[in-house]
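Hi,

Here is the structure I promised to pass on. Have a look at it first, and then read my notes below.

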Amino acid sequence: MQIGEKTAFITGAASGLGLAAAQRFVAEGARVFMFDLDAERVSDQARALGDRAGWASGDVSNEQDVKAAIDKAVSQFGAIHINVNSAGIGSAGKTVGREGPLPLVQFNRIINVNLIGTFNVLRLCAAQMASQTAVNDDNERGVIVNVASVAAYDGQMGQAAYSASKGGIVSMTLPIARDLARSGIRVVTVAPGIFSTPLMEASPQPVKDALVDMIQFPKRMGAPSEFADMALNIVQCNYLNGEVIRLDAGIRMSAR
Ligand SMILES: NC(=O)c1ccc[n+]([C@@H]2O[C@H](COP(=O)([O-])OP(=O)(O)OC[C@H]3O[C@@H](n4cnc5c(N)ncnc54)[C@H](O)[C@@H]3O)[C@@H](O)[C@H]2O)c1
């Protein structure tokens with residue numbers, strides 16, 4: 001799909017990878033509708049992008065919040081062709097820690113935002129895309145880009161909930177691509193390695209150093225703009241579908 005004049009609905013768009021995708025898409029001539037829990041930050045970032053950006057605040061796991069935001073995006077820009085699902089949270093906690101077994105409420109929260117939130121947004125965006133006319137000779141109507149993590153494959157100690165949430169995103173990629181094939185909608189998941197975003201920068205320096213040590217080449221954290229490169233490529237390459245792409249400079253996380 002050519003990105004110029006298309007509209008992207010991007011979650012987690014106030015910060016990090018989602019924000020980088022929004023900035024790149026606008027630079028490439030698209031319109032973006034930015035959705036995030038952080039109302040102040042998402043409105044500031046949308047304003048900075050000018051009249052090609054709209055915004056709404058809400059929770060990806062809340063049906064009403066997402067429906068209202070999609071309605072607003074469609075009334076503002078007329079359609080949704082691209083959906084990038086970058087909203088996500090991380091929280092460490094061992095299965096049995098010093099305080100006892102991991103509270104189920106903590107496990108539920110991560111699954112609810114990362115996995116159920118991603119599915120909630122993509123199903124509602126896909127319904128909107130399916131109702132629109134096709135945009136090219138392939139009869140393409142939409143592209144969905146999910147964000148998992150390499151923790152889906154080699155999660156660290158304390159990452160049971162996070163890894164499960166991202167593993168769910170990896171596993172649902174193919175069946176969703178199959179579900180949406182007849183509607184002309186592609187689904188691709190990116191599994192990032194270690195990226196320099198507020199989420200990662202919040203980790204203690206020794207943790208960051210240990211993670212960077214496991215990267216092959218280039219031996220540094222990824223830049224959010226490199227995630228944006230990938231997201232743009234996924235949108236533009238019509239033959240890419242039902243796949244999960246590790247974007248990780250060859251990192252394979254070992255046990256600590
Ligand atoms: N940074 C990394 O190294 C890395 C690595 C692998 C995967 N990821 C994944 O990439 C995605 C983006 O992460 P990031 O590093 O840009 O983080 P970030 O914290 O910079 O941005 C995440 C954004 O999501 C928003 N958000 C959180 N919960 C939400 C909710 N319930 N509803 C709506 N918005 C919500 C936050 O307000 C924030 O603006 C996440 O899914 C994360 O798990 C990041």
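Let's start at Glu 5, which lies in the segment before strand 1 (7–11); strands are DSSP runs of E with at least two residues, helices are runs of H or I with at least four, and both are numbered from the N terminus. Before going on: this is a predicted model, where local features need pLDDT of at least 70 and side-chain atom pairs count only at pLDDT 80 or more, while totals for chains, interfaces and linings use all residues. Residues are numbered from 1 along each chain as its sequence is written, and side-chain values use heavy atoms, leaving out hydrogens and water.

Back to Glu 5: its phi is positive, about 65°, although it is not a glycine. Glu 5 is partly exposed, at 44% relative accessible area (buried is under 20%, exposed over 50%, partly exposed in between, with a 1.4 Å probe and protein chains only).

Ala 249 also has a positive phi, near 50°, and is a residue other than glycine. You'll find Ala 249 in the segment after strand 9 (243–247), partly exposed at 26% relative accessibility.

One more spot to check: the peptide bond from Phe 217 to Pro 218 is cis, with omega near -10°. Pro 218 sits in the loop between helix 8 (205–213) and helix 9 (224–236). For context, most peptide bonds are trans, and most residues other than glycine have a negative phi.

As for the whole protein chain, it has 9 helices and 9 strands. Its C-alpha trace spans about 55 × 40 × 35 Å along the principal axes, and buried residues make up 52% of the 256 residues.

Cheers
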